[in-house]
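Reader: I have a structure to read and would like to take it one feature at a time. Please start with the aromatic rings.

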Amino acid sequence: EWDRWLLMGLIGTAVGMLGFLIHQIIDSLIKLKWDLMENYLQVSKRNGTWSMGADVVIYLSTGQDGNIHMTWLCALGSGLAMVVLSSGSVLFFCPAGSPSGLPEIIGYLNGTSIQHLFNIKTFLGTFVSCVLAVASGLFCGPEGPMIHLGALLGCGLSQLQSDTLGVHLPIFTRFRNSADKRSFITAGAGAGIASVFRAPIGGLLFTLEEVSSFWDIRLAWQTFFCCLMATFTTDLLSSSLYGFVYRGHFGFFEAEKRILFWNLLDMNVLAFIPTILLGMLGGLLGALFVSLNIKINKLRMQFFNSIPKLSLRKTSKLILLMFCISPHLFLCVAAAALLVENGKRGITYLFKRGTHEEFGYASLCTALAFYFILSCWTAGSAVASGLVIPMLYTGALYGRIIGLILVSIFGVQTNKYGAWIDPGLFAAIGAASFFSGVSRLTISLTVIMVSMLS
């Protein structure tokens with residue numbers, strides 16, 4: 001069995017490197033987009049953090065012809081260009097890569113045959129579409145495509161053959177059967193989620209709970225080893241590189257960069273009352289999200305099927321997707337700090353402890369309305385995108401609103417007995433509640449959240 005364990009390690013390492021590469025490219029594209037806008041838009045920060053209301057000042061620079069119109073065109077134009085390329089890569093290059101690939105992976109592992117799901121064109125198209133979709137500012141994340149890409153690497157590295165490229169290597173031929181192929185695809189999918197969240201146990205439980213129906217204890221240990229290698233590789237590379245620039249300290253793992261919410265917190269039994277409320281609210285809003293998304297996708301399919309020509313049908317999919325860039329039109333509203341940042345960084349703002357008055361009701365409610373509706377519209381559209389970041393972000397928004405209500409009632413508590421009245425804490429609980437309400441995950445979600453938040 002040494003060769004099976006070797007392949008599992010190689011798949012985990014490859015998925016970890018791919019996860020690192022995706023996040024580096026996304027961060028670099030976002031930085032490039034903001035560098036293009038810096039001559040027209042400057043954002044004043046107070047104490048190094050975002051503030052809302054009068055504490056956030058968005059003003060124009062005194063460049064040659066810097067004005068709000070150029071700022072608007074730069075933000076909108078860069079976002080639309082990325083969306084067009086992202087959508088075009090899956091519409092015209094690899095239709096099997098849209099929208100996230102996760103339902104197709106689940107279907108394949110449970111006995112459904114899907115054409116072109118595991119070929120090199122699907123890998124390249126999904127990779128490009130995912131990176132551009134997240135960097136463009138769409139309400140999506142890289143999690144679903146990462147699971148698909150991890151499964152693709154699991155399939156490719158275990159089979160070591162490609163009909164598209166005409167390559168058939170004469171090694172590890174004993175794994176070229178459907179049962180072993182499914183096992184390696186399962187491990188690759190788990191490694192994908194482990195690489196994104198730095199949660200190897202979460203990746204294992206996700207595949208057990210959500211992805212595969214065929215399971216045994218040997219596959220569980222091998223999948224965990226694969227997830228562990230993926231997490232370690234991503235952490236190791238991220239420890240010294242940022243934006244493809246070497247910053248030293250190779251192999252030094254900083255806790256605050258891996259964990260968003262890492263100091264221990266004394267709890268009060270009263271905290272369970274708003275927690276139960278958030279759980280119920282997450283279930284209701286999750287059911288609403290799923291129901292609304294199903295109806296939107298049915299209407300979308302009816303509209304597309306009414307168009308006779310295939311080329312016009314694909315073009316209309318691309319045009320409809322452009323409406324999701326509309327938040328860039330609202331750079332000067334109160335929720336600008338939440339809407340124009342990418343989802344991962346926005347979640348970090350919302351989870352931050354000790355920022356009781358950082359965001360007001362107006363900004364949180366505005367961002368919640370925009371994010372809920374537009375993430376529901378984006379899910380199922382013609383880009384390789386994931387739902388995890390939107391689910392966490394939406395839940396964090398209404399969780400922070402509940403925390404803000406508690407602060408308004410009881411005031412800012414500085415003693416240890418009232419430290420639990422913190423909007424950042426309830427943002428984390430709200431994120432978990434909405435994630436669970438949409439995905440119906442329980443055990444693996446708990447492990448993933450604990451890995452993220454400590």
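Author: This is a predicted model. Phe224 is partly exposed, because its relative accessibility is 23%, and that falls between the limits of 20% and 50%.

Reader: Is Trp221 buried or exposed?

Author: Trp221 counts as exposed, because its relative accessibility is 54%. Trp221 and Phe224 both belong to helix 8, which covers residues 217-238. They are 3 residues apart, about one turn of the helix.

Reader: How is a pair of aromatic rings described?

Author: Two values describe such a pair: the distance of the centres and the angle of the planes. In this structure the count of aromatic pairs comes to 10. For Trp221 and Phe224 the ring centres are 6.5 Å apart and the planes stand at 80°, so this pair is edge-to-face.

Reader: What are the distance and the angle for Tyr398 and Phe434?

Author: Tyr398 and Phe434 form an edge-to-face pair, with 6.2 Å from centre to centre and 85° between the planes. Tyr398 is in helix 15 (residues 388-410) and Phe434 is in helix 16 (residues 423-439), so the pair ties together parts that are 36 residues apart in sequence.

Reader: Are Tyr398 and Phe434 buried or exposed?

Author: Tyr398 is buried, because its relative accessible area is 4%. Phe434 is buried as well, with a relative accessible area of 0%.

Reader: Now the surface. Which residues make the nonpolar patch?

Author: Phe93, Ile120, Leu124, Leu165, Val167, Leu169 and Ile171 make a nonpolar surface patch of about 580 Å². One of these residues, Leu165, can be taken as an example. Leu165 sits in the loop between strand 3 (161-162) and strand 4 (167-168). Leu165 is exposed, because its relative accessible area is 58% and the limit for exposed is over 50%.

Notes: Residues numbered from 1 in each chain as written. Predicted model: local features only at pLDDT ≥ 70, side-chain atom pairs only at ≥ 80, totals over all residues. Heavy atoms only, no water. Patch = residues over 30% accessible without salt bridge, like charges linked within 9 Å, V, L, I, M, F, W, Y side chains within 5 Å. Areas by Shrake-Rupley, 256 points an atom, 1.4 Å probe, with all protein chains shown as cover. Salt bridge = Lys/Arg side-chain N within 4 Å of Asp/Glu carboxyl O. Helix = DSSP H or I, 4+ residues; strand = E, 2+ residues; numbered from the N terminus. Buried < 20%, exposed > 50% of the residue type's maximum accessible area, 1.4 Å probe, protein only. Phe/Tyr/Trp six-rings, centres within 6.5 Å; stacked < 30°, edge-to-face > 60°.
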